Amino acid sequence: MSSLSAISDVESVAKRAFEPVQAAIDAGKIPGGVLGVATADGKRAILNAGSAQTVPNQRPVEKDTWFDLASLTKVIFTTSRILDYALEGRIDLDAPLISVLPDLRQYNADAWERKVTFRECLGHQTPFPAVEPIYTYGRDPELLRAFILQREWRKGPPVYSDINFILLGFALERIEGCKLREMVPPEGFAFSAPKHMSAATEDCTWRSKIMCGEVHDDNCYALQGAGHAGLFGTADSVLNFAADLLENADSPKVELMRTKLSEKRSHGFEHRHDGWPGGDKCSDETIGHTGFTGTGVWVDFERKIGWTLLTNRIHPTRHFDSGIAELRRAVGDLVVQS
């Protein structure tokens, strides 16, 4: 099967894949978006259109606009760091979290939460709920951390869960001896961004302002940094991450990212399956992840291509149908079948 790296004009491929993004902007589904495509041989193209902000003032999206990456934090920052520590022998992926967080459910030695492992959290194979409005329990980040660690969580079937990565973030804080926002993010990323260079997200009801340049995720905001969200980046920085995965496809770390743990999940990532956000045209050797704010990154190792779609689809509100699921799939199919 030929790879996109054999195509000399990556720009034309990106232009074709950008057509549904432009259509979504024209239809008022999303304010703006940036599409980036990168190949294993170093070619890349970035296209942009629409608005970074529409209310109260309008600003255009630029190629270097910073986006709140939301759950891309899980793979670009938290998964990458956890796997580094595992490969260094500082943690055992099959050990329970209490090997680093001994106070997790410390008042009940038999609690199921004390048996959850790092690998299970990375692959979303735990009984934790998908999400919890932790921010409604208070504004003191240290008190909220204690609440999360001591809470008797309702047990359910394995689902994609923010709680998994909040706990992994706590583990990183214990290992490194500092809070997440004090850690150095990967080059080209940050935990906040200049407001005038950032895509706005939601007009938040409980914070009474439009979020721009500071994290949108409610729980991450209340915790003042968490492992499931909070990272900011540009299309170039996300493409650099994807290109690095392609370049190091056979490294132990990337092999773990590609290793399937369930029908849909690998270590940190989602792998290709029917109906997934990366589209139907990519190979079985594709991994990716999405973010609630309207972001996403995918890497097809067989075709040696990576792409990112960054939008501010929740600006100024999340409470409407932006069509982001269909848009992601349409873009992925157009990138790959080119």
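1. Strands β9 (residues 270-271) and β10 run antiparallel and are joined by two bridges. Strands here are DSSP E runs of at least two residues, and helices are H or I runs of at least four, numbered from the N terminus. Two strands count as paired if DSSP finds at least two bridges between them. Within this pairing, Glu 270 has Gly 288 of β10 as its bridge partner.

2. A word on the model. It is predicted, so to speak of local features a pLDDT of at least 70 is needed, side-chain atom pairs count only at pLDDT 80 or more, and totals for chains, interfaces and linings use all residues. Residues are numbered from 1 along each chain as its sequence is written, and side-chain values use heavy atoms, with hydrogens and water left out.

3. Confidence. pLDDT is the predictor's confidence in each residue, from 0 to 100. The protein has a mean pLDDT of 96, with 98% of its residues at 70 or more. Over residues 1-7 the pLDDT is below 50, yet this stretch has 16 contacts in the model beyond near neighbours in sequence. A contact means heavy atoms within 4.5 Å. Where pLDDT is low, predicted coordinates should not be read in detail.

4. β10 also pairs with β11 (residues 295-300), antiparallel, over six bridges. Gly 291 faces Thr 295 of β11. Three residues lie between the strands of this hairpin, and Gly 294 takes a positive phi near 115°.

5. Burial of β10. Six of the six residues in β10 (286-291) are buried. Buried means under 20% relative accessible area, exposed over 50%, and partly exposed in between (1.4 Å probe, protein chains only). Thr 286, Gly 288 and Thr 290 point one way; Ile 287, His 289 and Gly 291 point the other. In a regular strand the side chains alternate between the two faces of the sheet.

6. Elsewhere, three strands form an open sheet in the order β4-β8-β5, with antiparallel pairing. Its edge strands are β4 (67-68) and β5 (189-190), each pairing on one side only. β5 and β8 (residues 232-233) pair over two bridges. Ala 190 stands opposite Phe 232 in β8.

7. Gln 106 sits in the loop between α2 (72-87) and α3 (118-122). Its relative accessibility is 40%, so Gln 106 counts as partly exposed. Leaving aside residues up to four places away in sequence, Gln 106 touches Arg 114 and Gln 150. Ala 23 is 83 residues from Gln 106 in sequence and 53 Å away in space, C-alpha to C-alpha.
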